[in-house]
Amino acid sequence: MHGAFFAAVSSTAFAVAAPAGAATLNLLIWEAYIDERILKDFTAETGIEVRQTFYDSGDARDEILADPNSNVDVVVTNENGAKLYGNRGVIMAIDMENVPALADYAESWTKRCGGYGVPYLWGTMGILYRSDRIATPPTSWADMMKPVESLRGHIAMYDDYAEAFVAPLALLGKSVNANDNETLKAAYELMKAQAPYVLTYDYVITSIQNADKGPNIHMALGYSGDQYTLNDKVGTPGLWRYVVPKEGTLSWLDCVAVNARSSNKDLALQLVDYISNARNGARNAEKLNMPTASTAAMALLPLDMRSNPEIYAAPEILAKSQLQEELTVQSVQARRRIISSLAQFSDAR
């Protein structure tokens, strides 16, 4: 889940012509969210080039995917997006006939993509922190939402209307999918009080690459697996760590899907199947240090990875975690207004 350029990416990024005679697929995905070797091997085996365009928020992804001129062939989206866009006919139905690798995934996972995608990677939301700046690991969402004075101006939050509310709502003991105004107002009060401590509302993977902001981020809202990407970006293994707060969190799932408007649907399905098979599912999970939803792929992973709580959250954490649900239009609008006001306050500072 995972660039200064990336937040502003538009459908024109897909308009570049491919070399004459070369088949090309356009993949819309988070930055650093697939093992590049897998795509190179796919090209070597099939002759099909894969061109990636990155997004760094759900809003940016959805804007591109909703554009009929974007030329997206394959997209990695969250489970809500898969079902929503599938029901609207924007992405196509997927089954074991057109994607045989789907047989390696338990029904409990596949149903979360609604029949419109293959489960890709999953995980949790939590707190990322620099271990050289924060000696005592955070244990509660309060450590982020009601921070100590030393964190003033050193926190990176996230301007996604769904994920930005996970921390305050979980701390309040509410559903992360809350739609009612009273609950959202309570969350806003927490977020407003936290605002002076926030350096940026841009996704941390994007912000860390900013020369002015990156070195000043000591704590961030992020996804499991982001710590490995951050450590790679800063070139210091183990610097960034990740924890899931005691109150519980969001348990998310991403799905890889095919754009119903693609002019290369058969090739796109071939790519989805290639990414999703057991061998490549395991390679991808191991490279990214993230959990796979494929039963067959998981069996190929090293035991130390499967038992790593930073990758595979402990059962007691997952028991307290919530799945993402579709929000009402009114809730989305209210959440966006709140995020916009907080971001404007940050920019004004």
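Which residues in helix 2 meet which residues in helix 12? I started my notes there. Arg-37, Ile-38 and Asp-41 are the ones on helix 2, and they meet Asn-280, Arg-283 and Asn-284 on helix 12; contact here means heavy atoms within 4.5 Å. By type, the residues of this contact split into one nonpolar, two polar and three charged.

Ground rules, before I go on. I am looking at a predicted model, in which local features need pLDDT of at least 70 and side-chain atom pairs count only at pLDDT 80 or more, while totals for chains, interfaces and linings use all residues. Residues are numbered from 1 along each chain as its sequence is written, and side-chain values use heavy atoms, with hydrogens and water left out.

Confidence next. I noted a mean pLDDT of 91 for the chain, with 93% of its residues at 70 or more; pLDDT is the predictor's confidence in each residue, from 0 to 100. Residues 2–20 have pLDDT below 50, and beyond near neighbours in sequence this stretch has 37 contacts in the model.

Back to the helix pair. The axes of helix 2 (residues 36–46) and helix 12 (residues 278–288) come within 9 Å and cross at roughly 150 degrees. Axes are lines fitted to C-alpha atoms, for helices over the stretch in contact, with angles from 0 to 180 degrees between N-to-C directions. Helices (H or I, at least four residues) and strands (E, at least two) are DSSP runs, numbered from the N terminus. I also found Arg-37, Asp-41 and Arg-283 linked in a network of salt bridges.

I then went through other salt bridges (a side-chain nitrogen of Lys or Arg within 4 Å of a carboxyl oxygen of Asp or Glu). The structure holds 11 of them. Glu-310 pairs with Arg-241, with the closest N and O atoms 2.8 Å apart. This pair links distant parts of the chain, 69 residues apart: Glu-310 sits in the loop between helix 14 (303–306) and helix 15 (315–319), Arg-241 in strand 8 (residues 240–243). Glu-310 is buried at 14% relative accessible area, while Arg-241, at 35%, counts as partly exposed. The cut-offs are under 20% for buried, over 50% for exposed and partly exposed in between (1.4 Å probe, protein chains only).

Lys-192 and Glu-189 make another salt bridge, at 3.7 Å from N to O. Both lie in helix 8 (residues 181–194), three residues apart, about one turn of the helix.

Where does His-154 lie? I found His-154 in the loop between helix 6 (142–145) and strand 5 (155–156). His-154 counts as buried because its relative accessibility is 18%. Leaving aside neighbours within four places in sequence, its contacts are Tyr-197, Leu-199, Asn-216, Ile-217, His-218 and Met-219.

Of its 111 residues, Tyr-33, Phe-165 and Val-204 touch the most other members. Strand 4 (residues 118–130) gives the most to this core, with eight residues. Not counting residues up to four places away in sequence, I have Val-204 touching Leu-128, Ala-156, Ile-217, Ala-220, Leu-221 and Leu-230. Leu-230 is also one of the buried residues of helix 10 (residues 226–234).

Definitions and conventions:
A nonpolar core is a set of buried Ala, Val, Leu, Ile, Met, Phe, Trp, Tyr and Cys residues joined through side-chain atoms within 4.5 Å. Ala, Val, Leu, Ile, Met, Phe, Trp, Tyr, Cys and Pro count as nonpolar, Asp, Glu, Lys and Arg as charged, and the others, Gly among them, as polar.
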